[in-house]
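Please open the structure in your viewer and keep the selection tool at hand.

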Amino acid sequence: MQPVYAAMEENPVIAAVRSPDRWEAAICSPAAVLFLLCGDIITIKGMVSAARAKGKQVFTHLELLGGIGRDNCAIDFIAQEIRPSGVISTRSAQIRYAKSKGLVTVQRFFLVDSMSLATAVDAAQSLKPDFVELMPGIMPGMIRRFSSALSSGIIAGGMIETKGQVIEALSAGARNVSTTNENLWAL
């Protein structure tokens, strides 16, 4: 089993970080997996290296990195030079290419209606990302429906602010929960 899968099983709460000034708190938290939702071409390598030195698994969000293009060359650079555990993207083409480079992938979907749910299920069944992040993560009914439609691990993310919401998402079929709420990182 890859270390990232073991880490995700070990602790279902993923520390999601949107601001570089919160990175140290995430690194020092009990969370085994970190979602890096900030940074740029200058800071990213140091941020990932610092987290990996503490034994953390790090996923970088491709669309949220400053100074790095949104093309295959950017993914090559991230895979070869930054070496995160995996990447997050909303874009199917980036997920497909990142998988071809051996990166663990998280495809992020924003569910706003039944049509977006159907589109997300179709895309995930076609691409087979390692994980699918459903946003907002406070919709147990949608998590249940999505998890019954495919075998990718489900991550519930966005708007999760309480322990009860974490438990509800996990009970509905999510394998993990990503949250920026530091009080939940130790669950």
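Start at the largest pocket, which holds about 220 Å³ of space. On a 1 Å grid over the protein atoms alone, a pocket is an open set of points where a 1.4 Å probe fits, with protein on both sides within 12 Å along at least five of seven lines, and lining residues have an atom within 4 Å of a point; the volume is the space filled by probe spheres set on the points. This is a predicted model, in which local features need pLDDT of at least 70 and side-chain atom pairs 80 or more, while totals for chains, interfaces and linings use all residues. Residues are numbered from 1 along each chain as its sequence is written, and side-chain values use heavy atoms, without hydrogens and water.

Select Arg18, Met135, Gly158, Met159 and Thr180, which of the 14 lining residues lie nearest the pocket's centre. Strands S6 (131–135) and S8 (176–179) each give two or more residues to this lining (strands are DSSP runs of E, at least two residues, and helices of H or I, at least four, numbered from the N terminus).

Next, select helix H3, residues 44–53, where Ile44, Met47, Val48 and Ala51 are buried (under 20% relative accessible area, 1.4 Å probe, protein chains only). Because these residues cover an arc of only 95 degrees around the axis, they sit on the same side of H3, the arc being that of the directions from the helix axis to the C-beta atoms. Just after H3, look for Gly55, which takes a positive phi of about 80 degrees.

Finally, select Gln107 in strand S5, residues 104–110. Gln107 counts as buried because its relative accessibility is 0%.

Conventions. Buried < 20%, exposed > 50% of the residue type's maximum accessible area, 1.4 Å probe, protein only.
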